[in-house]
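Dear colleague,

I am passing on the structure we spoke about, together with some notes on what was found in it. Please look through it alongside the text below.

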Amino acid sequence: KLAAEGLFDESRKRPLPAIPKRIALVTSPTGAAVRDMIQVITRRWPAARIVVVPVRVQGEGAAAEIAQALRRVHLIPDVDVVIACRGGGSLEDLCCFNEEVVARAVAACKIPVSSAVGHEIDVSIADLVADRRSLSPSESVDRVVPSVDEVSHRLTLLAFSLNQVLASRIDRARLRLNNWESRSVFQRHMSMVDDSRQLCDELADRMQRAARLLLDQPRHRVAAMAATL
């Protein structure tokens, strides 16, 4: 019935934010899974804020609690991604994530949902409806939260690439200027050439400083947030 309604269609699934501001963990606050997830999140991206939405994840009434949490999680300020999860267990332990009420709550949630129920071999209906399915709670964190080291590395590569592009453009500008200088019409106006050469050098220096500043600012913010936390 859910498949016929299109709840499993990839076309209706939303992308997760590249850098989440606040992550809501809809799970049991006493399980080992939530402790592991909090440790991984704070290690990978210290600036991320976490809120645990406590629910039962097995037993009578668990499905209703999970569905209610998913229907109201958007009321928490700044939450832009939800991870609905629990650790491994028997088929009976995981059955609340196969309930229709949970599947519909996942589909109707106003915030993108990543589902991580059990281990790799476990597949729930909530997994099929969620915007992103992960094989385990720990893997869901890797998919949802970026790594500070990876972001810093990408910024370094971007800085190198930008400097290469700027240097290439500056070299081409100098070459054109030298070509103009060699023409006889300019021989009598060396002051114009000298002024242009000086301006070119000044602009090159300013562009390189601006590029370094542009790329250093995000890195400094990340370092500052990490140090503050």
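This is a predicted model: local features need pLDDT of at least 70, side-chain atom pairs count only at pLDDT 80 or more; totals for chains, interfaces and linings use all residues.

Residues are numbered from 1 along each chain as its sequence is written, and side-chain values use heavy atoms, with hydrogens and water left out.

I begin with the helices; helices (H or I, at least four residues) and strands (E, at least two) are DSSP runs, numbered from the N terminus. In helix 2, which spans residues 62-72, the buried residues are Ala62, Ala63, Ile66, Ala67, Ala69 and Leu70, where buried means under 20% relative accessible area, exposed means over 50%, and partly exposed lies in between (1.4 Å probe, protein chains only). These residues cover an arc of only 160° around the axis, which puts them on the same side of helix 2; the arc is that of the directions from the helix axis to the C-beta atoms. Their cover includes strand 1 (22-27), strand 2 (49-54), strand 3 (79-86) and helix 4 (100-108), with contact taken as heavy atoms within 4.5 Å.

Strand 4 (residues 113-117) has five of its five residues buried, so it is largely enclosed by the rest of the structure. In a regular strand the side chains alternate between the two faces of the sheet. Here Val113, Ser115 and Val117 point one way from strand 4, while Ser114 and Ala116 point the other way. Strand 4 pairs with strand 3 in the parallel sense over five bridges, pairing being assigned if DSSP finds at least two bridges between two strands. Strand 4 also runs parallel to strand 5 (residues 132-133), to which two bridges join it. Ser114 of strand 4 stands opposite Ile83 and also opposite Arg132 in strand 5.

Turning to charged side chains, the structure holds 13 salt bridges, each defined as a side-chain nitrogen of Lys or Arg within 4 Å of a carboxyl oxygen of Asp or Glu. One of them joins the side chains of Glu100 and Arg104 at 2.9 Å, N to O; being four residues apart in helix 4, Glu100 and Arg104 are separated by about one helical turn. Glu100 is partly exposed at 33% relative accessible area, as is Arg104 at 31%, and both residues belong to a network of salt bridges that also links Lys1 and Glu5.

Asp205 and Arg209 form another salt bridge, with their closest N and O atoms 1.9 Å apart, and they too are four residues apart and separated by about one helical turn, in this case in helix 9 (residues 190-228). Asp205 is partly exposed at 35%, and Arg209 is partly exposed at 41%. In the salt bridge between Arg133 and Asp127 (3.8 Å, N to O), Arg133 is partly exposed with a relative accessible area of 27%, whereas Asp127 is buried at 2%.

With best regards
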